[in-house]
Amino acid sequence: MAANPTPNLAGTATAGAPAAQVVITGNPLGGDSVQPASVLTGDKLTLRLAPTLGETLDGLPGVSASWYGPNSNRPTIRGLDGDRVRLLDNAGASVDASNLSFDHAVALDPLVVERVEVLRGPASLLYGGNATGGVVNTIDNRIPTTALDGLGGRVELRAGGAASEKSASGLLEGGQGGFNWHLDGFKRKTDDLRVPRFTPVEDGEAGESSTRVRNSAAETEGGAIGASFANAAGYLGASLDTYRNVYGVTVEPDVTIHMKRDRFSLAGAHELDALGFEQLTFRYGHTDYRHQEVEGTGEVGTTFDSSGNDLRLEARHRGLFGSGAQGVIGLQAETLNFSALGEEAFVPNTRSRNAALFALEELNAVGGKLSLGLRAERATVHSEGDQPDAEGQVGNRFGAATSRDFTPLSASVSGTWPLAPDWSVSASFGNTQRAPAYYELFANGLHVATASYERGNASLGLERSTHADLGLNWTQGADTASLQLFGMRFANFISLEASGRQVDEAGEPGGDSPEYVFRGVRAQLWGVELEGHTRFARLGGWQLDLSSGLDMTRGENRDTGEALPRIAPLRVTLGLDASQGNWQLGAQVRHAVEQNRVPASDVRTPGYTLLSLSASYKQAWGANTDALWFLKLDNLGNTLAYSASSIQTMRELAPLPGRSASAGVRVRF
């Protein structure tokens with residue numbers, strides 16, 4: 001699929017201009033997605049940016065962050081995290097090790113992102129069972145999809161915040177005669193995170209009070225080069241990008257992770273007029289990823305290596321075989337080779353292969369728009385078992401080499417219908433199957449990041465779920481309101497459950513580490529999401545806008561009756577924005593209630609209320625040049641707050657950020 005919304009290939013775009021406001025991750029046919037979605041771009045994204053993707057998106061309806069300290073944060077959607085939330089890079093697979101362990105950071109820096117699209121709820125039809133919870137697609141213009149005219153770009157500087165951030169990023173791109181090019185680069189440095197005074201708890205014992213999260217500093221840098229040729233018939237382009245991140249691991253005070261990711265991408269689109277087909281798009285990516293966990297002595301303790309390939313082909317049609325439907329037929333193929341070497345390697349070397357065919361058809365029906373979809377996959381996960389060490393000795397932790405094959409199937413039906421000039425209703429129902437990930441099948445070792453011994457289960461079957469969404473939307477000018485109800489029921493939910501045993505480093509009974517086992521259980525999740533915005537008054541030349549939001553997710557293990565772990569509590573947000581000319585002022589109050597619905601292996605998380613203020617001024621420097629100056633004040637009350645979405649071992653070591661001020665400027669030309 002094209003990285004940006006399907007372009008008007010006959011036209012040109014100004015270099016450095018923002019992408020069009022169209023959600024395309026959930027609907028490759030164009031137009032709005034039936035699935036509930038949030039989009040961040042332009043000034044809105046600039047003012048929301050944080051050092052990690054999870055923190056940037058935290059607080060959107062149904063979205064929280066895994067919060068393993070300030071450096072390792074994956075988005076959590078509707079209570080689902082890890083391998084159930086698909087992270088995409090320009091609609092292609094984002095290869096890293098962040099789904100394997102909470103202390104592994106996402107290999108992406110929001111500084112270079114031009115647009116983020118978040119789909120809430122299953123998107124498995126288009127992106128596989130790994131999208132059971134939803135999709136986060138980060139979009140840049142490293143492969144320009146339209147013919148650029150002239151030279152453009154942007155420069156951004158930031159400083160401050162609870163981690164004393166110092167960052168800079170730059171982008172330059174241009175084009176002539178259909179040939180386009182793109183360059184970007186960024187660098188970010190942060191110190192140990194400042195928090196309200198708290199007493200850290202480790203291994204059940206309280207330490208000395210502190211106002212810093214230990215070993216949480218980071219230094220990140222990267223960049224990319226890309227080029228394309230675009231004309232009225234389509235585009236073809238390629239890019240190379242690199243990412244480096246050196247960051248501390250709070251749960252291990254003497255360990256620093258050295259991460260790098262290099263990626264090559266190739267993408268294109270071509271207009272067609274044959275047999276009802278209108279457009280063919282493709283994207284290919286190859287990624288090499290490595291991170292090393294370096295001890296305080298400088299010795300490398302564990303090295304994680306991954307290399308992956310992903311290919312996606314889509315053919316869009318209208319009126320195929322004389323029908324009135326429009327749709328897309330696609331092919332997706334992915335490979336992942338993973339290896340872990342060192343003292344803390346708790347997963348064997350594995351090879352994962354996945355191929356899928358999918359189709360999405362859309363037609364006018366019953367006075368509205370109806371969509372039908374089907375996806376069939378073939379997945380193979382191979383463990384190489386125990387391998388000889390440097391001295392030629394073969395252990396007995398992972399056993400002999402073995403493989404598992406799976407055939408997941410997913411189907412969905414959804415629709416949207418107008419009820420009145422200002423009202424519409426949407427609904428979806430589907431069935432999703434997910435193949436177990438390599439670590440769910442074959443893990444067997446002490447996982448230091450979670451302070452537990454984790455055992456995979458090579459006999460696991462497909463994770464199977466049914467899901468339903470019902471939405472009601474109202475729009476009248478600048479005023480909007482939406483209500484979303486959702487439910488998911490799992491016949492086989494792959495969960496990491498405490499066995500009740502204490503084992504040693506070899507997994508034998510009698511040690512100090514709790515044993516956790518991956519097993520299939522019955523589970524259900526349900527919840528509600530409310531959003532509203534009203535332009536309610538003008539006061540002394542200022543336009544006042546009020547926004548509000550509420551989200552709640554409940555999750556239950558149906559076999560035990562216990563709550564599912566790491567579910568965000570009910571959250572309420574109120575925001576007031578005032579604008580006049582080039583000025584924009586904002587205030588936001590965010591309240592989270594106490595999370596006391598937790599399994600026996602966890603403890604409750606107290607509620608909190610956070611107040612933030614912001615101000616920005618957009619200054620025109622010419623016909624195509626402007627500067628956005630911004631100031632943010634966060635957690636003005638310096639409230640001590642903890643994230644219910646993080647695991648307990650980290651939650652008691654890393655509260656949420658304390659009172660801080662940050663400022664920056666973005667110049668676009």
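**Reading strands and salt bridges in a predicted model**

Modeller: In this predicted model, strand β32 (residues 542-557) and strand β33 (residues 571-580) run antiparallel and are joined by 9 bridges.

Biologist: Which residue of β33 is the bridge partner of Leu546?

Modeller: Leu546 is partnered by Leu576 of β33. On to the next strand: β33 also pairs in the antiparallel sense with strand β34 (residues 583-592), over 10 bridges. There, Gly575 has Gln588 of β34 as its bridge partner.

Biologist: How many residues stand between the strands in the hairpin of β33 and β34?

Modeller: There are 2 residues between them, and Gly581 in this hairpin takes a positive phi near 60°.

Biologist: What can be said about side chains along a strand?

Modeller: In a regular strand, side chains alternate between the two faces of the sheet.

Biologist: Is Ser306 buried or exposed?

Modeller: Ser306 has a relative accessible area of 5%, so it counts as buried. Beyond its neighbours within four places in sequence, Ser306 is in contact with residues including Val95, Tyr289 and Phe338.

Biologist: How many salt bridges does a search of the whole structure find?

Modeller: Side chains of opposite charge can pair when their charged atoms come close. The search finds 43 salt bridges. One of them joins Arg261 and Asp89, with the closest N and O atoms 3.2 Å apart. Arg261 lies in strand β18 (residues 252-274) and Asp89 in strand β5 (residues 85-89), so this pair ties together parts 172 residues apart in sequence. Both residues, Arg261 and Asp89, are buried.

Biologist: Which residue forms a salt bridge with Arg120?

Modeller: Arg120 forms one with Glu529, the closest N and O atoms being 2.9 Å apart. The pair links distant parts of the chain, with Arg120 in strand β7 and Glu529 in strand β31 (residues 513-539), 409 residues apart. Arg120 and Glu529 are both buried.

Biologist: Which residues are linked in a network of salt bridges?

Modeller: Asp83, Arg84, Arg434, Glu440 and Glu463 are linked in such a network.

Methods
Residues are numbered from 1 along each chain as its sequence is written. This is a predicted model: local features need pLDDT of at least 70, side-chain atom pairs count only at pLDDT 80 or more; totals for chains, interfaces and linings use all residues. Side-chain values use heavy atoms; hydrogens and water are left out. Two strands pair if DSSP finds at least two bridges between them. Helices (H or I, at least four residues) and strands (E, at least two) are DSSP runs, numbered from the N terminus. Buried means under 20% relative accessible area, exposed over 50%, partly exposed in between (1.4 Å probe, protein chains only). Contact means heavy atoms within 4.5 Å. A salt bridge is a side-chain nitrogen of Lys or Arg within 4 Å of a carboxyl oxygen of Asp or Glu.
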